[in-house]
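Student: Hello! Could you show me how to read the sheet and the core of a new structure?
Tutor: Gladly; let us look at the picture together.

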Amino acid sequence: METKILSTSEYDISLAGEIIRNGGLVAFPTETVYGLGANALDENAVKKIYAAKGRPSDNPLIVHIAEKEDIVPLVKEITPAAKAVIDKFFPAPLTVILKKSEKIGNVVSGGLDTVAVRMPQNETARALIKAAGVPVAAPSANTSGLPSPTRARHVISDMSGKIDAIIDGGACGFGVESTVVSLAGDVPVILRPGAITKEMLEEVLGRVDIASAVLGELKENETAASPGMKYKHYAPKAKIIIVDAEKEIYEKFVNMQKNAFALCFEEDSVNIPKITFGSEKSDLSQANALFDALRRLDEAGAKKVYARIPQKSGVGMAVYNRLIRAAAFRVLNLKKPFTIGLTGRTGAGKSYVSEYLASLGFKIINCDFYAKRLTEKNSPFLSVLQAEFGDDIIENGELKRQLLADRAFASKEKTRRLNEIMHPAILKLCVEQADFPCVLDAPQLFESGANELCGAVISVIAPDDICIERITARDNITERQARARLGVQHETEFFINNSDYTVINDGRDIKTQITAIMEEIL
């Protein structure tokens, strides 16, 4: 198909309107992003949108209108809430969802009983809708899953040869898609954030909720009630990892990386190749620059990208919503004291993994070290242990460690009491020593709740017979004693199910496993 490149002249707008009226597809500018328009009342024309984009058919479309009153035949009822929003905001980068009328087919609505409608601010967009003489269904004019287009060249790159025409209207003003608010239920719910913020809507509507899928993934079997909810969206070809960290830690982390790009704010000082998306001080500038920045990453040949996390309030919520989907929900949390938590059953070989991580440049915070410091000779802490496990566990000011171990591991209840006494004190000392990047080496990471202090958790696992063999040799104890120690610890399946990553230490190459995990985490 030959794709015509049109201007915003009256003649070209008229021509584009005719194309849409006759069942064709036209890409056009709006104040948010470029849309790919078809006659919303022509199911066959709308199907062409899905085909051109490669878009899943259960992902609903937004119907664009030129005048406020054009919404009336498209919905069952203009509710009081809808009237208040339309009167206050339209035309605006805002979409409202209401129960649909019989005019709206299942293709446009993605099989739902609702329809999403908006009246764009962009004069070229409204002129096109008027010229077409029909409401225009239009998602973003990009290949499904790629960053939304904010310039005509983005559309030409994705859609040339697939659609009838593209109107070149220059750069879009806001740079992220419209806010989508559902007014089909009792309480208004934001399904997709945009330039019209929650606070702005609350001034008109009172209570406004935010759908859980705005800042996270859509729940299993949950229906996508709005575009941009269900599928991975807005993603460049590069793998993006969002780094949740303050400015200084982000810069320090990024400057340690090799063969990677930074997607960051203009103020950030980084030494690796970078693409910026606006100013840290302006969420509007971030929204305006984000999609163009994502496309420039591909143009630069980026393979792995570490993105600075935006704020989750105001327009920043819209920026985060798009970026988290571009990253396929990959977030590296460096705001927690420990980059990695390392744990596993006794005898699994955790110490070897810890030593290898130290060789990679991680600071190792070893809980056992601080446990021994707490229980060194004449430590005031020993009296707490005596009160629970007997006076005879202390002799000449020194802890009889084997006797304490025998009593503490005699039952799960005694083990629990030892944990309740030791864990808070140990963790306090460990947190005081934390410094990025570091590993918390903690045999009882989960029991102490310290996993919540770690950006990611790695567990080292091994079969029971290997663990027992190692324990007996290491601690010079009997097999029966070794089995007793394992018996009061979590089973291997627990570690597998509750960790982000596992290292299997049964003779397999440890370094290869760690390298793969580090590639994923960092």
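Tutor: Please keep in mind that this model is predicted. We start with a term: two strands pair if DSSP finds at least two bridges between them.

Student: Which residue in S7 is the bridge partner of His-64?
Tutor: Val-136 is the partner of His-64. Strand S4 (residues 62–64) and strand S7 (residues 136–137) run antiparallel and are joined by two bridges.

Student: How do strands pair in general, and in what order do the strands of this sheet come?
Tutor: Strands of a sheet pair through backbone hydrogen bonds, either parallel or antiparallel. Here 11 strands form an open sheet with mixed pairing, in the order S1-S8-S2-S3-S7-S4-S6-S5-S9-S10-S11. Strand S1 (4–6) and strand S11 (209–210) stand at the edges with a single partner strand each, so one side of each has no neighbour in the sheet.

Student: Which strands does helix H2 touch?
Tutor: Helix H2 (residues 43–53) packs on the sheet and touches S3 (35–39) and S7. The direction of H2 makes about 150° with that of S3.

Student: Where do nonpolar side chains tend to be in soluble globular proteins?
Tutor: They tend to be buried together. In this model the largest nonpolar core has 47 residues, and Leu-36, Ile-71 and Leu-94 are among those with the most contacts inside it. H2 gives the most to this core, with five residues.

Student: What does Ile-71 touch?
Tutor: Leaving out residues up to four places away in sequence, Ile-71 touches Ile-65, Ile-78, Ile-86, Val-96, Leu-98 and Val-117. Apart from this core lies another, of 40 residues, including Val-353 and Tyr-356.

Terms used:
Residues are numbered from 1 along each chain as its sequence is written. This is a predicted model: local features need pLDDT of at least 70, side-chain atom pairs count only at pLDDT 80 or more; totals for chains, interfaces and linings use all residues. Side-chain values use heavy atoms; hydrogens and water are left out. Helices (H or I, at least four residues) and strands (E, at least two) are DSSP runs, numbered from the N terminus. Contact means heavy atoms within 4.5 Å. Axes are lines fitted to C-alpha atoms, for helices over the stretch in contact, and angles run from 0 to 180 degrees between N-to-C directions. A nonpolar core is a set of buried Ala, Val, Leu, Ile, Met, Phe, Trp, Tyr and Cys residues joined through side-chain atoms within 4.5 Å. Buried means under 20% relative accessible area, exposed over 50%, partly exposed in between (1.4 Å probe, protein chains only).
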